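Me: I would like to learn how to read a protein structure slowly and carefully, one feature at a time. Could you show me what to look for?

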Amino acid sequence: ILVEGVPVTSFPYTLTGTQGQEVSIQAVTDSGWNFHGWSGSAEGTNASQIVFINGDSAAKATFSLGQVSASNLFSTAATTAGLSGDDAEANAVPFSDGVPNLIKYAHNMDLSGPDNLRLTGEGIGAAGLPIPQVTGSSAFQLKYLRNKSGGIVYSPKVSTDLEDWDSFVVPETVTNIDADWEVVTLEQPPTLDSSAFYKVEVELP
């Protein structure tokens, strides 16, 4: 909140003036917050208002925390990792490890340095690239870490020639880790195909 252009740092804020004095107030939102309007001595949804001192009166601004976009969450993670400029872009590979920033972010990997390890474990702190593997019954499994709260879109794909990719649609088993992460396991029964290639595409909506 700005009162006469000066930021208010503690609430409730009291201004002492003369009867009929004109005072400017302005609601200012931080990133991710929404301003809904004024009530009391000030009314309406315009952020900037003029009020007049008239005895004991009060103005109240109402805010709410809005939904933060997936892009904003990624940008915050990149900045926290010390990345900036082109190095902070989703498709950038600032550490020459072959893994773009968005892939690392989507699989809970280290954005602040080289990291191209495969997924290990399914507990707290699990991180790493998807794991393709063959089970003892010769079924194919694709296991990957999925963020539940970051708004990222995960799309498992399969190809026989590395050129044409189709959605890899098989039943999934989900192992919950915590409020933010889960491990997804896709399993395909044995087939007569001699070979196939698999990947998990990730994108920001």
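Reply: We can start with a term that you will need throughout: a residue is called buried when its relative accessible area is under 20%, exposed when that area is over 50%, and partly exposed in between, with a 1.4 Å probe and with protein chains only taken into account. In this structure S96 is exposed, because its relative accessible area is 70%. Please keep in mind that this is a predicted model, in which local features need pLDDT of at least 70 and side-chain atom pairs count only at pLDDT 80 or more, while totals for chains, interfaces and linings use all residues. Residues are numbered from 1 along each chain as its sequence is written, and side-chain values use heavy atoms, with hydrogens and water left out.

Me: How many helices and strands does the protein chain have, and what counts as one?

Reply: Helices (H or I, at least four residues) and strands (E, at least two) are DSSP runs that are numbered from the N terminus. By that rule the protein chain holds 2 helices and 13 strands.

Me: What does the radius of gyration of the protein chain say when it is set beside that of a compact globule?

Reply: The radius is taken over C-alpha atoms, and the globule rule is 2.2 Å times the number of residues to the power 0.38. For 205 residues a compact globule would have a radius near 17 Å, whereas the protein chain has 26 Å. Of the 205 residues, 31% count as buried.

Me: Which charged side chains does the protein chain have, and how are they counted?

Reply: Lys and Arg count as positive and Asp and Glu as negative, while His and the chain ends are not counted; the place of a charge is taken as NZ of Lys, CZ of Arg, CG of Asp or CD of Glu. Here there are 8 positive and 24 negative side chains, and the centres of the two sets lie 8 Å apart.

Me: How are pairs of aromatic rings described?

Reply: A pair of aromatic rings is described by the distance of the centres and the angle of the planes. Rings of Phe, Tyr and Trp (its six-membered ring) pair if their centres lie within 6.5 Å, and planes under 30 degrees apart count as stacked, over 60 as edge-to-face and the rest as tilted. The count by this rule comes to 7 aromatic pairs. One of them joins F35 and W38, whose ring centres are 5.9 Å apart with planes at 65°, so this pair is edge-to-face. Another joins F35 and F63, with centres 5.5 Å apart and planes at 50°, and so it is tilted. F35, W38 and F63 form one aromatic cluster.

Me: Are F35 and F63 buried, partly exposed or exposed?

Reply: F35 counts as buried, because its relative accessibility is 18%, and W38 is buried as well. F63 has a relative accessible area of 28% and is therefore partly exposed.

Me: Where does N101 lie, and with which residues is N101 in contact?

Reply: Contact means heavy atoms within 4.5 Å. N101 lies in helix α2 (residues 101-106) and is buried, with a relative accessible area of 0%. When its neighbours within four places in sequence are left aside, the residues in contact with N101 include F74, L83, D87 and L111.

Me: Where is K143, and is K143 buried or exposed?

Reply: K143 has its place in strand β8 (residues 140-147), and with a relative accessible area of 16% K143 is buried. Leaving aside neighbours within four places in sequence, its contacts include L119, E122, V183 and T185.

Me: What should I know about phi and the peptide bond?

Reply: Most residues other than glycine have a negative phi, and most peptide bonds are trans. S96, although not a glycine, has a positive phi of about 55°, and S96 is found in the loop between α1 (70-80) and α2. L162 is not a glycine either and has a positive phi of about 65°; its place is in the loop between β9 (153-159) and β10 (166-167). A cis peptide bond, with omega about -5°, joins F11 and P12, and P12 lies in the loop between β2 and β3 (22-26).
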